[in-house]
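Hi everyone, thanks for having me.

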Amino acid sequence: MTPSLTREQALAAFDAARREHQAFLASIPRERMTEPGATGPWSVKDVIAHVAAWRSRTLARLEAAAAGRPEPPPPWPPELEEDDPINAWFHEQHRDDPLDDVLARWDASFDRLRALLAALPDEALFDPAYFPWLEGTALIEAVPGGLLGHFREEHEPVLRAWLAGESGA
């Protein structure tokens with residue numbers, strides 16, 4: 001199967017998605033970022049920390065592959081096997097982190113991910129079997145949606161609705 005994206009197109013899609021993320025977060029008043037209730041009991045900061053924590057897992061996997069090392073174990077305790085308990089664990093780890101630290105981690109994760117996408121060999125980008133955790137999807141195909149889409153698809157609509165909630169939306 002021929003990939004639908006070149007490396008340059010994937011990086012351009014990545015850059016566009018990053019700009020969208022940044023513009024959305026910049027539209028949120030700073031004092032609202034730590035306000036509970038954005039998503040259940042979580043604040044916007046908690047959501048950002050959650051996504052950054054999962055992205056850190058992806059980055060560790062990609063960095064290991066780039067260095068020719070085996071995939072590292074997940075950072076959460078081995079008895080946690082499903083998303084909800086893992087998400088709760090991530091929340092517990094990061095709920096007291098200062099907003100500036102969470103935002104810095106979020107920005108740094110974009111920088112690290114882009115650098116890896118630019119540096120990985122073609123085989124790592126285009127071979128659908130290279131990363132078993134992508135379940136048969138080539139990394140290049142996961143860039144626009146899979147690696148950055150979770151926030152946009154799952155969290156951003158909820159956060160937008162919460163932000164609009166004061167006006168009855």
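This is a predicted model: local features need pLDDT of at least 70, side-chain atom pairs count only at pLDDT 80 or more; totals for chains, interfaces and linings use all residues.

Let's begin with pairing. Side chains of opposite charge can pair when their charged atoms come close. How many salt bridges does a search of the whole structure find? The count is 12.

Please find arginine 61, which forms a salt bridge with glutamate 71, with the closest N and O atoms 2.9 Å apart. Arginine 61 sits in helix H2 and glutamate 71 in the loop between H2 and H3, so this pair ties together parts that are 10 residues apart in sequence. Arginine 61 is buried, at 17% relative accessible area, while glutamate 71 is partly exposed, at 41%.

Arg57 joins in too: Arg57, Arg61 and Glu71 are linked in a network of salt bridges. Arginine 57 is also in helix H2, and it is buried, with a relative accessible area of 9%. Beyond its sequence neighbours within four places, arginine 57 contacts a run of residues including Pro72, Pro73 and Trp76.

Now move to helix H7, where arginine 160 and glutamate 156 are 4 residues apart, which means about one helical turn separates them. Their side chains meet in a salt bridge of 2.8 Å, N to O.

On the surface, Glu79, Glu81, Glu82, Asp83 and Asp84 gather in a patch of negative charge. Aspartate 84 belongs to helix H3 and is exposed, at 63%.

Last, the backbone. Most residues other than glycine have a negative phi. Glutamate 135, however, has a positive phi of about 50°. You'll find glutamate 135 in the loop between helices H5 and H6, where it is exposed, at 71%.

How values were computed
Residues are numbered from 1 along each chain as its sequence is written. Side-chain values use heavy atoms; hydrogens and water are left out. Patches are made of residues with over 30% relative accessible area and no salt bridge: like charges are joined within 9 Å, nonpolar side chains (Val, Leu, Ile, Met, Phe, Trp, Tyr) within 5 Å. Accessible areas come from the Shrake-Rupley method with a 1.4 Å probe; for residues, only the protein chains shown count as cover. A salt bridge is a side-chain nitrogen of Lys or Arg within 4 Å of a carboxyl oxygen of Asp or Glu. Lys and Arg count as positive and Asp and Glu as negative; His and the chain ends are not counted. The place of a charge is taken as NZ of Lys, CZ of Arg, CG of Asp or CD of Glu. Helices (H or I, at least four residues) and strands (E, at least two) are DSSP runs, numbered from the N terminus. Buried means under 20% relative accessible area, exposed over 50%, partly exposed in between (1.4 Å probe, protein chains only). Contact means heavy atoms within 4.5 Å.
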